[in-house]
Amino acid sequence: MPFDRLFQTQLDALKEEGNYRYFADLTRKCGEHPRALNTCPEGQEREVTVWCSNDYLGMGHHPDVVNAMAATAMQCGTGAGGTRNISGTQHQHLELEAELADLHGKEAALVFSSGYVSNWATLSTLGARLPNAVILSDALNHASMIEGIRHARCDKKIWAHNDPADLDRKLSECPANATKIVAFESVYSMDGDIAPIDEICDVADRHGALTYLDEVHAVGMYGPRGGGVAEEMGVMDRLTVIEGTLGKAYGCMGGYIAASTALCDFIRSFASGFIFTTALPPAIAAAATTSIRHLKHSPAERAMQRRQVARLRAGLDRAGIPHVPNPSHIVPVLIKDPVKTRMLSDYLMEQWGIYVQPINYPTVPKGTERLRFTPGPNHTDADIDHLVDALTVLWKQCAIARATA
């Protein structure tokens with residue numbers, strides 16, 4: 001059987017549609033965020049400015065975080081040595097979980113190898129093991145949440161995005177004996193909109209539902225200590241489970257949940273995605289703890305990041321470059337064509353030294369392809385002006401419609 005031909009046929013179709021994903025060969029330069037070296041296919045290197053990093057605050061380059069990782073690796077070695085159940089639980093994991101529980105005002109926390117795994121493992125375990133479970137999922141929830149819900153094999157309902165009234169209707173349709181689980185996000189990463197958490201909690205409370213909030217694009221970024229949108233809104237105590245990541249604003253790697261001691265122990269004891277996977281290296285756990293502690297006490301990174309987001313949006317407005325309005329740190333510029341989106345991304349890299357990855361199907365629906373910019377505190381005013389100038393020139397070259405006043 002010519003298996004490679006079967007693979008190649010589908011890959012060729014993906015390329016024809018403009019949805020094939022090319023990887024940029026990057027080498028991050030420690031302490032120089034958002035600069036990186038791009039190695040071209042021919043082997044030459046060039047410096048580029050990264051505009052699509054999820055290391056939103058540049059904490060992956062913070063000297064205290066880097067030193068914590070390096071010192072712990074020298075002390076403990078590189079790996080954890082096994083799963084958490086079999087020799088893998090290191091003191092650094094317990095320190096990190098205590099720091100996360102404190103961050104979210106919860107009794108306990110549980111760390112996973114990634115945010116994807118923490119969503120998948122927790123939602124699948126809750127849905128599979130709670131009696132007569134029904135998971136009510138926001139229509140735009142992340143793929144990791146969808147995968148967890150699918151793996152749970154329990155009943156599910158999809159409610160209209162950020163619509164508490166539709167959630168109320170869907171909850172009313174659930175059987176009287178159902179264990180209801182409302183799963184949603186705070187900041188939605190593609191459009192950058194923010195959920196009405198308080199209203200959703202009001203609806204969930206009326207129906208006696210467990211609430212599960214994904215804060216991966218918000219932890220470190222919002223709230224006086226970086227606890228996320230729920231902290232900024234003063235509603236962390238209303239959420240049953242808060243899920244987050246260590247791989248974005250905290251600049252490290254891993255995912256977690258924060259909840260009651262009993263719930264965390266329940267997931268620890270029954271989730272295959274936790275039980276059967278190797279623990280995070282202690283050096284990563286130590287670095288993450290250092291990053292969380294720093295951002296609990298330092299608002300400077302968040303304040304500068306907000307300033308640079310506002311400056312970029314103002315520059316795009318002056319240039320007539322249409323971008324999706326939202327209250328978050330994510331600046332989506334809609335192109336609505338996969339081929340043009342890829343072309344713009346290539347031109348920005350080759351001609352202007354600007355790296356931004358095209359976002360296309362299946363990450364976003366067809367016809368909503370975009371460039372997704374994430375300004376950070378280390379992007380200078382000159383970087384922003386350079387980006388706006390580049391987009392202004394390319395917008396004209398590629399004959400893309402401008403925003404109208």
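**Close-up views of selected residues**

**View 1. Tyr20 is partly exposed, at 25% relative accessibility.** Buried stands for under 20% relative accessible area, exposed for over 50%, and partly exposed for the range in between (1.4 Å probe, protein chains only). The model is predicted: local features need pLDDT of at least 70, side-chain atom pairs count only at pLDDT 80 or more, and totals for chains, interfaces and linings use all residues. Residues are numbered from 1 along each chain as its sequence is written, and side-chain values use heavy atoms, without hydrogens and water. The ring of Tyr20 lies under the charged end of Lys15, which is 4.7 Å from the ring centre; a charge sits over a ring if NZ of Lys or CZ of Arg is within 6 Å of the ring centre and within 35 degrees of the ring normal.

View 2. With centres 4.8 Å apart and planes at 75 degrees, the two rings are edge-to-face. Rings of Phe, Tyr and Trp (its six-membered ring) pair if their centres lie within 6.5 Å; planes under 30 degrees apart are stacked, over 60 edge-to-face, and the rest tilted. Tyr22 is partly exposed, with a relative accessibility of 41%.

**View 3. Phe112 and Phe274 form an edge-to-face aromatic pair.** Their centres are 5.6 Å apart, and the angle between the planes is 75 degrees. Phe112 belongs to strand β4 (residues 108-112) and Phe274 to helix α11 (residues 272-275), so the contact ties together parts that are 162 residues apart in sequence. Helices (H or I, at least four residues) and strands (E, at least two) are DSSP runs, numbered from the N terminus. Phe112 is buried, at 3% relative accessibility. Phe274 is also buried, at 4%.

**View 4. Arg129 lies over the face of Phe270.** The distance from Arg129 to the ring centre of Phe270 is 3.8 Å. Helix α5 covers residues 115-129, and Ser124 has its place there. Ser124 counts as buried, at a relative accessibility of 7%.

**View 5. Leu14 has its place in helix α1.** This helix spans residues 3-17. The relative accessible area of Leu14 is 31%, and the residue is therefore partly exposed.

**View 6. The peptide bond from His33 to Pro34 is cis.** Its omega is near 10 degrees. Pro34 is placed in the loop that runs between β1 (26-28) and β2 (35-39).

**View 7. The peptide bond from Tyr361 to Pro362 is cis.** Omega for this bond is near 10 degrees. The loop between β13 (358-359) and β14 (370-373) contains Pro362.

**View 8. Asn132 has a positive phi although it is not a glycine.** The value of phi is about 50 degrees. Asn132 is found in the loop between α5 and β5 (133-138). With 46% relative accessibility, Asn132 is partly exposed.

**View 9. Lys336, a residue other than glycine, has a positive phi.** For Lys336 the angle is near 70 degrees. The residue sits in the loop between β11 (331-334) and α14 (338-352). Lys336 is exposed, at 55% relative accessibility.
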